[in-house]
Amino acid sequence: MDFNKLLVNRRSIRRYTPEKIDADSVRLILEAALLSPTSKSARAWQLVVVEDAEKMAAMAECKAAGAVSLKGAPLAVVVTADTTKTEAWIEDASIAAYSMQLQASALGIGSCWIQVWGRFAADGTPSEEFVRNILGIPEECPVLCVVTFGHPDEQRKPQDTEKLKWENIHIAKW
C-alpha cells in the first residue's frame with residue numbers, strides 16, 4: 001500500500017477480536033517508535049508495553065470517557081518521555097505514538113490513541129497520575145497517551161478526501 005492510501009485508510013479502531021498480535025508484528029510496531037525522529041536526537045521517549053487484561057481494565061478507568069477500548073485490546077503501549085532529557089517531550093512522544101499507529105495499520109492491525117495528558121478520571125484524579133500509579137512510571141516521565149492495538153472487530157470507512165479542509169492551508173501569508 002502506498003503511503004497516501006495508508007493515511008486515507010488508517011482509522012481509529014476501538015473494538016478488537018481476542019486474537020493476540022504475533023511477536024514479529026509487535027516488534028515492528030515498537031521499532032516504528034524507536035525509529036521516529038526526536039528533537040536533538042534525544043530519544044527520550046519511554047514505552048510501557050501492557051498485555052495484562054487486568055491492568056488494561058484498570059487503566060480504562062483513567063478517564064471519565066474515551067478509554068473503554070483498553071478493556072478489549074490485546075495490547076496497549078503507554079507513551080511517555082523523560083522530561084529531564086528534552087523540553088520537546090510532547091512532540092517527540094506524539095511522533096513515536098503516531099509512527100506506531102501507522103506501522104500497525106500497514107500490518108492490518110487496528111489502533112486507537114487514548115489521550116492521557118491533560119485529562120481526568122471520573123473522580124477528578126489526573127489521568128496521567130492514574131496510569132502512572134498502575135504501572136509504576138517515574139515522576140520525570142509524564143504519560144502522554146496510551147495506544148491500543150489489536151485485530152479489528154469493526155469496519156471503518158476510509159477518510160473522505162472530498163471533505164479535506166483545504167481552506168485551512170495558507171500559502172505565503174494568512
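**Local features of the predicted model**

Lys40 is found in the loop that runs between helix H2 (23-34) and strand E1 (45-50). The model is a predicted one, and the values below are computed from it. The phi angle of Lys40 is near 55°, a positive value in a residue other than glycine. Lys40 is exposed, its relative accessible area being 73%. Arg43 lies in the loop between H2 and E1 as well. Its phi angle is also positive, near 45°, and Arg43 is likewise a residue other than glycine. With a relative accessible area of 48%, Arg43 is partly exposed, because the exposed class begins over 50%.

The loop between helix H3 (53-59) and strand E2 (75-81) contains Pro74. Gly66 is also placed in the loop between H3 and E2. Pro74 is buried, at 7% relative accessibility, whereas Gly66 is exposed, with a relative accessible area of 53%. The C-alpha atom of Pro74 is separated by 8.3 Å from that of Thr17, although the two residues are 57 residues apart along the chain. For Gly66 and Ile114, which are 48 residues apart along the chain, the separation of the C-alpha atoms is 6.9 Å. When residues up to four places away in sequence are not counted, Pro74 touches Tyr16, Thr17, Glu19, Lys20, Ile21, Val50, Glu51, Met56, Phe149 and Gly150.

Helix H4 (residues 89-106) begins with Trp89, and Gln101 also lies in helix H4. Gln101 is buried, with a relative accessible area of 2%. Its contacts, not counting residues up to four places away in sequence, are with Arg10, Ser111, Cys112, Trp113, Val147 and Phe149. Cys112, one of the residues that Gln101 touches, is itself buried, with a relative accessible area of 3%.

The count of aromatic pairs in the model comes to 1. The ring centres of Trp89 and Trp117 are 5.1 Å apart and the ring planes stand at 85°, so this pair is edge-to-face. Trp89 belongs to helix H4, while Trp117 is in the loop between strand E3 (110-115) and helix H5 (127-135); the pair therefore ties together parts that are 28 residues apart in sequence. The two partners also belong to separate accessibility classes: Trp89 counts as buried at 9% relative accessibility, and Trp117 counts as partly exposed at 35%.

The count of disulfides comes to 0. A disulfide would require a pair of cysteine sulfur atoms within 2.5 Å. For Cys62, the closest cysteine sulfur is that of Cys145, at 11 Å, which is too far for a bond. The closest cysteine sulfur to that of Cys112 is likewise in Cys145, at 10 Å, and this distance is also too far for a bond. Cys62 is buried, with a relative accessible area of 1%.

At 70% relative accessibility, Ile171 counts as exposed.

Conventions:
Residues numbered from 1 in each chain as written. Predicted model: local features only at pLDDT ≥ 70, side-chain atom pairs only at ≥ 80, totals over all residues. Heavy atoms only, no water. Phe/Tyr/Trp six-rings, centres within 6.5 Å; stacked < 30°, edge-to-face > 60°. Helix = DSSP H or I, 4+ residues; strand = E, 2+ residues; numbered from the N terminus. Buried < 20%, exposed > 50% of the residue type's maximum accessible area, 1.4 Å probe, protein only. Contact = heavy atoms within 4.5 Å.
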